[in-house]
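Dear colleague,

Please find below the structure that I am handing over to you, together with its sequence. My notes on what was found in it follow directly after.

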Amino acid sequence: MSFTVTLVRHGQTTMNLDKKIQTYTDALLSELGQHQSSLLGEHLTDEKFNLVYSSDLTRAVHTAQNIINKNKNKPIPEFQTDSRLRERDFGEWEGKHIGLLHQASAEAGVRMHRFDEAVGEKYEDFKKKCYSFFKELCEEKTKDEDYIPNILIVSHGGWILTLFDALIDSEETFIVENLSINENIRSPVNTSFSKLIIEKINDTNEASNSKFYVKFDVIFDATHLQVLNST
């Protein structure tokens, strides 16, 4: 069986607007961020979501709520928050100008989401957490062959990029199609979304031996924001 995951980065926040680094800080959506998430909700209005997961930080929760509020399908899907969907703790960098982190990571020769100097949570530890959440989700949602979930997940830019790293690096569990993480791939803009089609490809009843095929149908789509550029 297969199921669908739509993976969304939260809308613009007041700290995004000020170009400040935010990870565990519970910044609120800006006026634009509220509008962005409503536009995405209109874009996805026909999607029959039956389960919503969100980071427990307010910017992600409000983004998810705005998307669901625009959805024309009823009943309202089950809504869960999960702290494992939070952004990585960047420690001493929190609240500083984003340009400083761009410069430091470039000098270190790594993508910003993989940068490890003076952070509160190491990249490899964070990647394991992203992997654990997603593997658990895939195992749980493929147990019942008569239930085909359509899942919305709202998280953060660094979390999404790190999950993509984890999927590519976990060939024993995930076979990935249409995704290549390299130094040129762009980061997801606020409220951009990716759509993943996930299929269990072995018949084992042991969760630890489960293997999944993951097809990226859409990556970082932001066409719903084009209307903002035309006004």
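Lys127 is found in helix α5; helices (H or I, at least four residues) and strands (E, at least two) are DSSP runs, numbered from the N terminus. Lys127 is buried, at a relative accessible area of 12%, where buried means under 20% relative accessible area, exposed over 50% and partly exposed in between (1.4 Å probe, protein chains only). Not counting residues up to four places away in sequence, Lys127 touches Thr162, Asp165, Ala166 and Asp169; contact means heavy atoms within 4.5 Å. Helix α5 itself has 19 residues and reaches 27 Å from its first C-alpha to its last, close to the 27 Å expected at 1.5 Å a residue. That expected span is 1.5 Å times one less than the number of residues in the helix. Other residues of α5 are also buried, among them Tyr123, Phe126, Cys130, Phe134 and Leu137.

Please note that this is a predicted model, in which local features need pLDDT of at least 70 and side-chain atom pairs count only at pLDDT 80 or more, while totals for chains, interfaces and linings use all residues. Residues are numbered from 1 along each chain as its sequence is written, and side-chain values use heavy atoms, with hydrogens and water left out.

I turn next to the nonpolar cores. A nonpolar core is a set of buried Ala, Val, Leu, Ile, Met, Phe, Trp, Tyr and Cys residues joined through side-chain atoms within 4.5 Å. The largest one has 30 residues, of which Phe134, Ile153, Trp159 and Ile198 touch the most other members. Among the elements that give two or more residues to this core are β1 (2-9), α5 (123-141), β4 (150-155) and β7 (212-221). Another core, of 13 residues, lies apart from it and includes Leu44, Val52, Ala64 and Val154. In soluble globular proteins, nonpolar side chains tend to be buried together. Leaving aside neighbours within four places in sequence, Ile153 is in contact with residues including Val5, Leu7, Tyr53, Leu85 and Phe133.

Most residues other than glycine have a negative phi, and most peptide bonds are trans. The peptide bond from Lys74 to Pro75, however, is cis, with omega near 5 degrees, and Pro75 is found in the loop between α3 (58-69) and β3 (78-81). Phe220, in strand β7, has a positive phi, near 55 degrees, and is buried at a relative accessible area of 5%. Thr191, in the loop between β5 (174-177) and β6, has a phi near 70 degrees, again a positive value. Thr191 is buried, with a relative accessible area of 0%.

Which residues does Ser37 contact, leaving aside its neighbours within four places in sequence? They are Leu29, Thr63, Asn66, Ile67 and Thr191. Ser37 is found in helix α2 (residues 31-43) and counts as buried at 0% relative accessibility. The C-alpha atoms of Ser37 and Thr191 are separated by 6.1 Å, although these residues are 154 residues apart along the chain.

With kind regards
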